[in-house]
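Please look over the sequence and the model before reading on.

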Amino acid sequence: MAIENITMPQLGESVTEGTIEKWLVKPGDKINKYDPLAEVNTDKVNAEIPSSFSGTVKEIIAAEGETLKVGAVVCTIETEVSGEAAVEQVEAAPAKEEPANEMPAEGSLKPQSPIKREKGAASGRFSPAVLRLSQEHGIDLSLVEGSGRGGRITRKDLQAIIDSGEIPTAKPVQEEVAVPQQAISAPAAEPVKPAASAPKTEIPVATGDIEIPVTGVRRAIANNMLKSKHEAPHAWMTVEVDVTNLVAYRDSLKNDFRQREGYNLTYFAFFVKAVAQALKEFPMMNSMWAGDKIVQKKDINLSIAVATEDSLFVPVIKHADEKTIKGIAREVNELATKVRSGKLAAADMQGGTFTVNNTGSFGSVQSMGIINHPQAAILQVESIVKRPVILDGGMIAPRDMVNLCLSLDHRVLDGLVCGRFLARVKEILENVSAENTSIY
């Protein structure tokens with residue numbers, strides 16, 4: 001008999017910890033190698049931890065809802081034979097075949113390595129076989145493009161990478177908390193101890209009070225917001241924009257657009273397009289703090305906040321500057337639908353460089369957003385309200401007005417560039433009209 005440790009695996013680029021969402025086994029359960037042991041949640045993916053051994057679950061060490069560093073022991077397995085003999089005995093068994101619908105496309109004469117050079121399009125959950133191969137060969141799943149349904153990574157995708165000899169591995173990210181390399185790249189001889197958690201705030205619970213457990217998603221949101229507030233010195237700016245012509249133009253199109261395209265032409269699509277255009281002219285706004293340098297991102301990938309009843313997700317519109325207003329409206333609709341139907345993949349939330357938040361949908365007229373780490377700014381688009389405005393010449397007229405509220409990381413950005421950026425967004429929006437603006 002031998003007692004083997006199961007540790008928290010690294011589940012993506014720059015991921016340093018994971019939260020045990022749900023245990024799928026209990027002490028005393030008989031398991032086979034690669035059987036799923038627990039569901040894990042990180043700020044990038046949801047996945048299952050597979051067993052590295054066949055045997056009996058001896059002890060559950062990590063509790064549900066507990067967050068642990070990569071390499072920390074989560075449970076122990078009692079194996080019938082020890083060391084390499086146990087591994088060799090299980091390896092002799094034939095590997096499970098992937099479902100037929102996850103086979104590579106027919107007609108391939110030669111297996112191609114599905115390595116994605118930029119951030120990967122991995123789906124949000126991986127099979128035990130995929131996780132096992134990725135851990136054994138040090139493959140970063142966030143850099144792999146899957147050939148399965150919906151972009152899912154299959155065992156055959158990883159085998160093609162292994163056969164090609166081109167193993168994609170994550171580069172260290174300076175913004176992230178450092179984790180010892182030996183704890184990430186290979187099973188360590190000694191388990192990595194979880195970092196000490198912050199002391200609990202003792203809140204008196206009276207009769208009738210309701211205690212709501214913190215889910216993994218809620219904890220990930222809290223950790224990211226806390227990291228942003230602690231690391232980035234926030235500053236704020238607001239401009240007021242007259243969007244009377246924009247409102248009239250959009251309202252003249254919305255019914256025909258809905259009939260023809262099957263989804264709504266929202267005001268928000270016009271704002272996203274204006275922001276993307278202004279970011280191209282002021283690239284410093286599309287930057288990130290990286291310790292000893294500032295990284296100015298080439299691609300303009302706009303994160304948009306989408307809320308559910310108990311969670312907040314931030315999917316990304318990739319290359320927003322290359323899309324039309326119609327294309328942006330379609331993508332906003334598709335991403336929001338994915339969020340609310342629970343079909344949003346990890347790849348949908350990766351690569352954002354700047355965030356635009358539609359706080360106006362809640363009726364807000366002014367707010368101060370928390371920056372989406374590691375980005376340098378977030379723009380809140382507030383509610384469009386009709387107000388009396390004094391025009392040139394002294395006349396008073398009802399106008400459609402909106403506030404744009406910018407939160408900025410003062411390590412990266414200063415008032416001058418932010419003021420010019422907001423002025424440009426304002427100019428674009430105030431000049432929207434049937435004569436000047438095409439939605440196609």
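In what order do the strands of the open sheet of 4 strands lie, and is the pairing parallel or antiparallel? The order is 1-8-6-3, and the pairing is antiparallel. This is a predicted model.

**The sheet**
- Strand 1 (2–7) and strand 3 (30–31) are the edge strands, each pairing on one side only.
- Strands of a sheet pair through backbone hydrogen bonds, in either a parallel or an antiparallel way.
- Strand 6 (residues 55–60) is joined to strand 8 (residues 73–79) by 4 bridges in the antiparallel sense.
- Within this pairing, I60 stands opposite C75 of strand 8.

**A buried residue, D409**
- D409 belongs to strand 19 (residues 396–409).
- D409 counts as buried because its relative accessibility is 1%, and the cut-off for buried is under 20%.
- Leaving out residues up to four places away in sequence, D409 touches A232, P233, W289, I371 and A376.

**Helix 7**
- Helix 7 (residues 267–281) has 15 residues, so at 1.5 Å a residue it should span 21 Å.
- The buried residues of helix 7 include F268, F271, V272, V275 and L279.

**The whole chain**
- The protein chain contains 9 helices and 19 strands.
- Of its 440 residues, 44% are buried.
- Among contacts with a separation of 6 or more, 68% are between residues 24 or more positions apart.
- The accessible surface of the protein chain is about 23400 Å², and carbon and sulfur atoms account for 52% of it.

Conventions:
Residues numbered from 1 in each chain as written. Predicted model: local features only at pLDDT ≥ 70, side-chain atom pairs only at ≥ 80, totals over all residues. Heavy atoms only, no water. Pairing = 2+ DSSP bridges. Helix = DSSP H or I, 4+ residues; strand = E, 2+ residues; numbered from the N terminus. Buried < 20%, exposed > 50% of the residue type's maximum accessible area, 1.4 Å probe, protein only. Contact = heavy atoms within 4.5 Å. Expected span 1.5 Å × (residues − 1). Areas by Shrake-Rupley, 256 points an atom, 1.4 Å probe, with all protein chains shown as cover.
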